Amino acid sequence: KLFFCSAAPVLALALFATAAFAAEEGGHGLDWKNLIFRVINIIVVLAILYKAAGKKLAAFFGKRRKDIVEDFSSHETRRENARLALVDVERRIANLEAERKAILDEYRAQGEMLKAEIVARAEQSAAQIAEQARRGAENEAMQALEIIRAQVAGEIVEEAEKILRERLSAEDHLRLIDASLKRVVLN
């Protein structure tokens, strides 16, 4: 089948070429005998080629045809895959701004939460430090007041003793002692 499909155009070409050569030589007609021998010669050569390499040529061209069909199918599949990938990339590019905004909004929200937590902890720490400082100041003030009271009391006692020594006579001294003892005994 392959032989006849490829031999027919060759035979037609040989016939036309022979007629052209015959016309060129200036002859009045065609040399049919020469033409027939040439056609038979071509047919014999083609038959020998077909006999020697026909099956290999048929297999080669059949395989080549099959490979071309597979390549075409493969190219169609890859083309479809590339088209789908392009659609996906275009969709992702279109959504890129929205995704970027969503990510930024999420990080801002997390940042605000962390900021609020840090501020709350700082305020709590500041309140604790202020309370500790207030207590410390109160304790120091109380200690200082006690120290001042003790010093003032000591100075008052010293001054009172001094005044009493200067103004109190021995007789007044005895009378005060008796009055103190009576109160202690009566109570």
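**Terms used in the legends.** A residue is called buried when its relative accessible area is under 20%, exposed when that area is over 50%, and partly exposed in between, with a 1.4 Å probe and only protein chains considered. This is a predicted model, in which local features need pLDDT of at least 70 and side-chain atom pairs count only at pLDDT 80 or more, whereas totals for chains, interfaces and linings use all residues. Residues are numbered from 1 along each chain as its sequence is written, and side-chain values use heavy atoms, with hydrogens and water left out.

**View 1. The protein chain as a whole, with three helices and zero strands.** Read from the N terminus, the elements follow the order α-α-α; helices (H or I, at least four residues) and strands (E, at least two) are DSSP runs numbered from that terminus. Of the chain's 187 residues, 5% count as buried. The chain exposes about 16700 Å², and carbon and sulfur atoms supply 64% of this area, as computed by the Shrake-Rupley method with a 1.4 Å probe.

**View 2. Helix 3, residues 170-186.** The expected span of a helix is 1.5 Å times one less than its number of residues, so the 17 residues of helix 3 should span 24 Å, and the 25 Å between its end C-alpha atoms agrees with this. Helix 3 is hardly covered, since the count of buried residues among its 17 residues is zero.

**View 3. The salt bridge between lysine 63 and aspartate 67.** A salt bridge here is a side-chain nitrogen of Lys or Arg within 4 Å of a carboxyl oxygen of Asp or Glu, and by this rule the count comes to 13. The side chains of lysine 63 and aspartate 67 meet at 3.1 Å, N to O, and, because the two residues are four apart in helix 2 (residues 32-167), about one helical turn separates them. Lysine 63 is exposed at 52% relative accessibility, whereas aspartate 67, at 23%, is partly exposed.

**View 4. The salt bridge between arginine 83 and glutamate 80.** Arginine 83 counts as partly exposed at 42% relative accessibility, and glutamate 80 is partly exposed at 34%.

**View 5. Arginine 135 and glutamate 131, joined by a salt bridge.** The closest N and O atoms are 3.2 Å apart. Arginine 135 is partly exposed, with a relative accessible area of 47%, and glutamate 131 is partly exposed, with 27%. Through salt bridges that share partners, Glu131, Arg134, Arg135 and Glu138 are joined into one network.
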